[in-house]
Protein chains: 2
Amino acid sequence: MQALRVDVALGERGYAIHIGSGLLAGAGLILEQLDLPRAAIVTNATVAPLYLRQLEQALHAQGVEVMSVVLEDGERYKDWVTLNRIYDALLEHRCDRRTTLIALGGGVVGDLTGFAAATYMRGVPFIQIPTTLLAQVDSSIGGKTGINHPLGKNMIGAFYQPRLVLADTDVLKSLPAREFSAGMAEVIKHGLVRDAAFFSWLEQNMEQLLAGDPQALAHAVRRCCEIKAAVVVEDERETGVRALLNFGHTFGHAIESGLGYGNWLHGEAVAAGMVMAADLSRRMGLIADVDLMRIITLLEHAGLPTAPPEISPDRLLDLMGTDKKAEGGRLRFVLLDAIGRASVRADVPAAPLRQALAFSRTA
Amino acid sequence: MQALRVDVALGERGYAIHIGSGLLAGAGLILEQLDLPRAAIVTNATVAPLYLRQLEQALHAQGVEVMSVVLEDGERYKDWVTLNRIYDALLEHRCDRRTTLIALGGGVVGDLTGFAAATYMRGVPFIQIPTTLLAQVDSSIGGKTGINHPLGKNMIGAFYQPRLVLADTDVLKSLPAREFSAGMAEVIKHGLVRDAAFFSWLEQNMEQLLAGDPQALAHAVRRCCEIKAAVVVEDERETGVRALLNFGHTFGHAIESGLGYGNWLHGEAVAAGMVMAADLSRRMGLIADVDLMRIITLLEHAGLPTAPPEISPDRLLDLMGTDKKAEGGRLRFVLLDAIGRASVRADVPAAPLRQALAFSRTA
């Protein structure tokens with residue numbers, strides 16, 4: 001299978017996403033992007049035993065001086081304390097402005113490392129090597145970096161683009177089924193928001209994807225990268241269309257925040273959040289009952305939750321009030337106009353919102 | 001006296017610096033820059049009793065909803081803990097992406113608030129109202145924001161431009177003499193690095209400046225803003241000429257770091273650092289003995305230290321090794337080719353460097 005390439009056409013901040021088998025073993029693509037042959041790899045305790053040595057050796061073989069930082073694994077570590085562990089290691093090793101940071105891991109590692117790169121000495125070069133499906137199709141692309149705050153997810157961060165994204169599809173084989181499904185939530189989101197044909201393709205090919213079929217996986221990852229890259233190029237700093245990619249996330253973040261980060265995986269919360277957002281769309285007359293059923297069916301097929309945990313509608317509303325997508329104090333929602341087409345709405349009446357918040361537990 | 005205006009021509013990130021008397025009392029210039037009539041003022045316990053109420057009232061009178069955060073005063077508070085106090089306050093008040101942060105204070109408040117603005121919800125609008133001479137002539141302009149790390153000053157930060165800088169020269173009257181002198185170190189630096197005529201003007205007008213003559217002050221602030229704005233426009237992210245504005249700072253940061261932040265004011269450390277850098281320039285045959293004497297004389301006249309505290313050359317060298325201006329592991333210095341002209345050198349031999357580090361205590 002040939003490696004695929006998707007370009008994120010952001011001018012001087014533009015970069016390439018490479019998708020394919022065996023990318024981790026060859027460090028040539030990385031070497032091209034380094035200012036100096038010096039890199040700091042940031043990874044976590046789950047990924048390190050699987051892939052860190054391989055990457056270090058590939059870089060050493062190219063004459064690159066490498067140091068590594070191994071963090072704890074989990075969303076609960078996406079915080080100040082862990083971020084400071086990265087800074088401490090960089091300073092102890094006297095890493096300068098031309099040391100490149102490499103994120104080897106899932107969304108948490110990528111977000112933390114990207115934010116460290118954005119802020120260490122006011123910005124150093126940065127490469128993403130996503131090792132989860134979620135990170136390959138979503139979080140590693142587009143430059144959103146950051147950490148959580150006790151009062152809200154991703155509240156502290158920066159837009160900071162990587163110089164390169166390497167999505168090695170081989171690493172998905174080592175992914176636990178639950179993590180794989182969580183990533184599939186974001187795959188499905190891309191279809192729901194921007195591409196009805198891709199959504200249909202997912203309905204027809206979910207079996208092969210879950211079985212790890214390499215061709216099907218590469219196709220899904222590539223299509224998501226293309227969709228995301230196009231949206232990011234159109235609206236890098238999320239002042240418009242990029243907000244559509246937050247479909248399900250306002251509800252999802254409230255769920256994660258209400259449960260405490262890390263109890264549900266991000267993709268699981270997004271799956272339940274997408275059902276709530278789709279239900280709200282249906283109650284507002286935007287999509288049909290059958291559309292909602294297709295969405296629930298596909299998410300269930302992917303092994304995802306389609307109902308929120310036990311959190312009262314009042315508590316969810318309260319949690320959504322501090323979501324960073326709230327603008328001017330008024331809640332804004334990404335809703336579906338159809339499968340494959342979404343829009344941002346600020347005109348959501350209270351009644352259908354409350355019904356949607358209560359929906360899934362009574363459905 | 002008429003208000004002066006200097007433009008920082010950075011395209012879509014461009015902004016104006018207004019310099020003059022009474023700017024704090026009128027909020028019209030601020031109002032023009034707000035996306036929504038909602039602002040969060042960040043200041044410190046020293047500045048708040050003097051100017052916070054005045055600014056709040058001016059904004060209220062324009063219909064702007066205002067919240068304020070009052071931090072402790074001092075360089076030692078330019079850290080994670082204080083930064084988090086700003087985030088906490090913003091989140092508790094549910095400030096969203098269109099709330100404008102206003103820094104009312106000196107360099108520490110400006111750097112902290114700017115970094116909070118750069119990273120809160122991945123970036124919110126930001127206005128600088130510098131209340132010290134140092135902040136008016138230097139730190140409020142050009143978008144350098146950040147905090148200190150125990151292993152080095154300004155190690156964590158971002159380039160993030162304000163939308164507006166308001167330098168009200170009236171507020172300099174309330175500045176303690178020591179703070180005023182510390183700011184004068186950066187004023188002198190601008191002349192040394194870029195403008196021999198301005199350096200001569202300072203030699204002739206230091207008396208009037210120290211006496212608080214409004215015309216002289218406005219001229220000095222304006223000229224520094226012009227010099228700095230031109231340099232920032234040429235090299236926003238400090239990959240070239242902007243580094244010249246760090247003249248004296250490699251030594252100065254080592255002094256601050258060696259003493260513990262806050263024992264010497266930043267400008268005091270820079271003054272001693274500039275003498276060391278000028279002495280090194282002289283030892284390398286770049287400037288004459290008489291140039292060094294002019295520099296020392298002017299700094300002394302401004303009430304500034306011209307010799308470092310008791311820190312051994314070895315310790316200073318060690319502290320400079322982690323300075324973020326070190327690139328590729330090799331130390332680079334900003335040296336003077338003449339009064340009014342500087343350049344970056346990576347070819348400094350060990351012997352004159354050690355002599356310069358020991359110089360001032362034996363001179």
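Which strands of chain B does helix α3 (residues 80–92) lie across? Helix α3 of chain B lies across β3 and β4 of chain B, and runs at about 155° to β4(B). Here axes are lines fitted to C-alpha atoms, for helices over the stretch in contact, and angles run from 0 to 180 degrees between N-to-C directions. Helices (H or I, at least four residues) and strands (E, at least two) are DSSP runs, numbered from the N terminus.

## About the model

This is a predicted model, in which local features need pLDDT of at least 70 and side-chain atom pairs count only at pLDDT 80 or more, while totals for chains, interfaces and linings use all residues. Residues are numbered from 1 along each chain as its sequence is written, and chains are lettered from A and ligands numbered from 1 in the order in which they are written.

## The sheet of chain B

Let's start with the sheet itself. Seven strands of chain B form an open sheet with mixed pairing, in the order β1-β2-β9-β6-β5-β3-β4; two strands pair if DSSP finds at least two bridges between them. At the edges stand β1 (4–8) and β4 (65–71) of chain B, each with a single partner strand, so one side of each has no neighbour in the sheet. Direction ignored, neighbouring strands of this sheet are turned by 15° against each other on average.

Helix α2 (residues 48–61) of chain B also packs on the sheet, where it touches β3 (38–44), β4 and β5 (100–105) of chain B. The direction of α2 makes about 170° with that of β3(B). Elsewhere in the sheet, β6 (residues 126–130) and β9 (residues 164–168) of chain B run parallel and are joined by two bridges. B:Q128 stands opposite B:V165 in β9(B).

## Where chain A meets chain B

Across the interface, 31 residues of chain A are in contact with 31 residues of chain B, contact meaning that the C-beta atoms, placed from the backbone, lie within 7 Å. On the chain A side, α3 (80–92), α4 (107–119), β7 (144–149) and β8 (152–159) each supply at least two residues. The largest share, six residues, comes from β8(A).

## Two domains in chain A

Chain A is divided into domain 1 (4–173) and domain 2 (177–362), with bounds from an automatic or database domain assignment. Their C-alpha centres lie 26 Å apart, and 32 residues of domain 1 of chain A are in contact with 33 residues of domain 2 of chain A. On the domain 1 side, α5(A) gives the most, with five residues.

Notes
Contact = placed C-beta atoms within 7 Å.
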